[in-house]
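Reader: Hi! Could you walk me through the aromatic side chains in this one?
Author: Happy to, let's look at it together.

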Amino acid sequence: MSERAGASETAFWGVADDAEALQRYRTLVDTIDDGIYRLDAEDRLVSVNDAIVEITGYTREELLGEHVSVLFGDDSGTIEHEIDRLRANASERSELLDLTVETAEGEQIRCEVRVSVLDAGDTAHGTLGIVREIGERRRAETEATEATFRRLFENVPGNYLIVQPEDYEIVAVSDAYLDATMTERAEIMGKTLFEIFPNNPDDPADGVENLRESLESVTETGEADTMSVTHYPIPDRESDGDEFEERWWNPINSPVFDATGELDYIVHNVEDITPIVQELQEDGEQELLRDPDTADSQLASNIVLRGQELLQEAKREAYEQLRESEERFRALVTTTSDVVFSTNADWSEMHNLEGADFLSDTDEQRSSWVEQYVPPEDRPRVQDAIDDAIRTKSSFELEHRVVREDGTVAWIVSRATPLLDEDGEITRWLGAANDVTERVERERYLEDTKERLEAAAEAGAVGTWEWHIPDDQMVTSASFAKKYGIDPDAATEGVSLDQFIAAIHGDDRERVERKIEDAIESGEEYEEEYRVWDADDELRWVVARGHVEYDEDGTPVSFPGALADITERKRFERRLEESNERLEQFAYAASHDLQEPLRMVTSYLQLIERRYADEFDEDGAEFIDFAVDGADRMRDMIEGLLEYSRVERRGDPFEPIDLDAVLADVRQDLKMKIEEHEAAITAESLPRVEGDPGQLRQVFQNLLANAIEYSDDDPPRVDISAVRNGSEVIVSVTDEGIGIDPDDSERVFEVFQSLHAQDEHSGTGIGLALCKRIVERHGGDIRVESEPGEGATFSFVLPAVSGDET
């Protein structure tokens, strides 16, 4: 028998028998990540792969024999409808279905499902389903090419070739057929069946005519035809075609129809039974084989034919199983972008069988495939995994990088299973790979972001925590744990909340525990400032902010948050507070001590005016008036400065205040000024606030007095309103006066800043500064919105009384 160049390389399954080939298809199915199931004609599960078991949480025994509804629940109706549609329209491709898989635990998982019908003619063999969880990267579906299916057919164990009707031109042939007939694929493709196997002119056989009659019968009837044992010698290739080799065959010719029912191809399957015939000849029965007219010849023929029938029946069963496996594989490769590949025993060669082209395919053995197509940084890890799998003859799974055919680098997850011969030695590896570049890059980005965040947290004295409430485990960042003097390694794994509570200063501990309990009970945001003892036994100020998360039943399950070290801020605030206290003391002392000499200056000026008024000329009298007026203004400024310095130190405790009552008192105090200017003051009902009654009275009095003072020629019009915004009240005082330039909207609140000359409008320049300080003491702020000639609106924020209606 001649050697066919490259036959051992192109035959994927090598010399595997049918059972071994089927086992390898099963291995391939279980290697793929997508779920695969098969239903019988009654839509009951007859097989599932490992991925289905993993997705659903059922055991294989719990699924087999059950209706497909065990997987898809109410969505099983959609599956049944799709099966009916495909059986009624054999030429149509299955739609991609968006369904919900129900797991053994009652969880619902959204999946994409594609269905393929496994019918053969009028006989229903069930369906195949491919299931993929939605959430993975949606890869583009690849259409299986003619070359792929041709390759599948060529690797089918069995002597098959496909011919076209009428001229019987050969369009496909299996490797096994080439081996059996000692022919080359390139020599027979495109030729007719009778051109490649001519009759032996020295010993004509009836096989040629019988074969032609069988092929014509299939063409005319559309039914398979099983021929009797056929004597058909074939040319001996070693003799350059001059000699023929005796061969006896068991042929069967089967029709293949297209979607319209027209005969498309004829599959010619033969089994070489020459050894059986030679055994009969050795037993002296060769005459029986040659003389069909004798009884003995008929008996011998019956024996041979019975052997043929038994063999053909086994082959048909194996072929049907193989065909179904091929259909399942075809459905698989058309609904997944996984790469299906094979390698030789030592991984020096890689063959990309199906899927996306991101694995480089080698045509001949050169250096190791790993050395060629895996980046240097990953090679030791990949090679170690392969060597270990070869040593243990076991499957493996590994995530690593490869160089794509276009030269770019991709991340893949590759899985491979060894194929063993009868001696238990590895012959090849069959595997699948996923391109996970996007997922790895996303994870790398998130990891880099996390590292930068942790670095920023360390630099900014910020820490994070997550308290798993049911099992009382506080999982924190290292910086957070260090603030509490707790081992960072232990805290990153999780410790009890009590360990953190114990590190809080004793004066703050009860308050913090109460705030945590309130947050869990109310679901409101948590924020608290307190002191903790750190790893160096130093007292630090921190501010903690977080929120509670609940499950569907409203049970608190986690409490995440962040912590910031505010020790330096607290120290600065303390220094600022001490500085303010000293400034207030100085301002109070200065303003108090200045009043006595000022009263003396004023008194002597008035005395001079009374005693010597007749001796002064007009200029002298005017000078005395200027001096007295200046002394009066200076007294007003000192009194204003004294009030300003007393805002913090001399303020009364806060209490609920009725702003309507405060406004009524102010209007009474300003009654003469209001009547003198014919001012109209309107106000809606004002809410209650928490505050210092005396100080808030000063705020309203200063703002109303200014609104009247800085009106234009028309009688003043002033409106007072208030709105509640959550826990705050915003009060607005609006006038129609001369207005303020927006550029001066901040300067008007500074001490001793007056925007007008004394001869235009009197004032010390302290009133608005005093208002600002009082409002800030109440935890709010004050601002003005105005344009020159358009009036002004002064708005300030005060704390609302808790529990009052909005």
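**Aromatic pairs**

Author: The structure, which is a predicted model, holds 10 aromatic pairs.

Reader: Nice. How are the rings of Trp347 and Phe396 arranged: stacked, tilted or edge-to-face?
Author: Their planes sit at 55 degrees, with the ring centres 5.6 Å apart, so this pair is tilted. The pair links distant parts of the chain, 49 residues apart. Trp347 is in the loop between β14 (339-344) and β15 (350-354), while Phe396 belongs to strand β16 (residues 396-403).

Reader: And is Trp347 buried or exposed?
Author: Trp347 counts as buried because its relative accessibility is 4%, under the 20% cut-off. Phe396 counts as buried too, at 12%.

Reader: Okay, next pair: what about Tyr484 and Phe500?
Author: Those ring centres are 5.2 Å apart and the planes are at 75 degrees, so that pair is edge-to-face.

Reader: Which parts does that pair tie together?
Author: Tyr484 lies in the loop between α18 (478-483) and α19 (488-493), and Phe500 in helix α20 (residues 497-502), so the pair ties together parts 16 residues apart in sequence. Tyr484 is buried at 5% relative accessibility, and Phe500 is buried at 2%.

Reader: Switching topic, which residues form an aromatic cluster?
Author: Trp465, Trp467, Tyr526 and Phe559 form one.

Reader: Last one: what lies over the face of Trp541?
Author: That's Lys570, at 4.5 Å from the ring centre.

Notes: Residues numbered from 1 in each chain as written. Predicted model: local features only at pLDDT ≥ 70, side-chain atom pairs only at ≥ 80, totals over all residues. Heavy atoms only, no water. Phe/Tyr/Trp six-rings, centres within 6.5 Å; stacked < 30°, edge-to-face > 60°. Helix = DSSP H or I, 4+ residues; strand = E, 2+ residues; numbered from the N terminus. Buried < 20%, exposed > 50% of the residue type's maximum accessible area, 1.4 Å probe, protein only. Lys NZ or Arg CZ within 6 Å of the ring centre and 35° of its normal.
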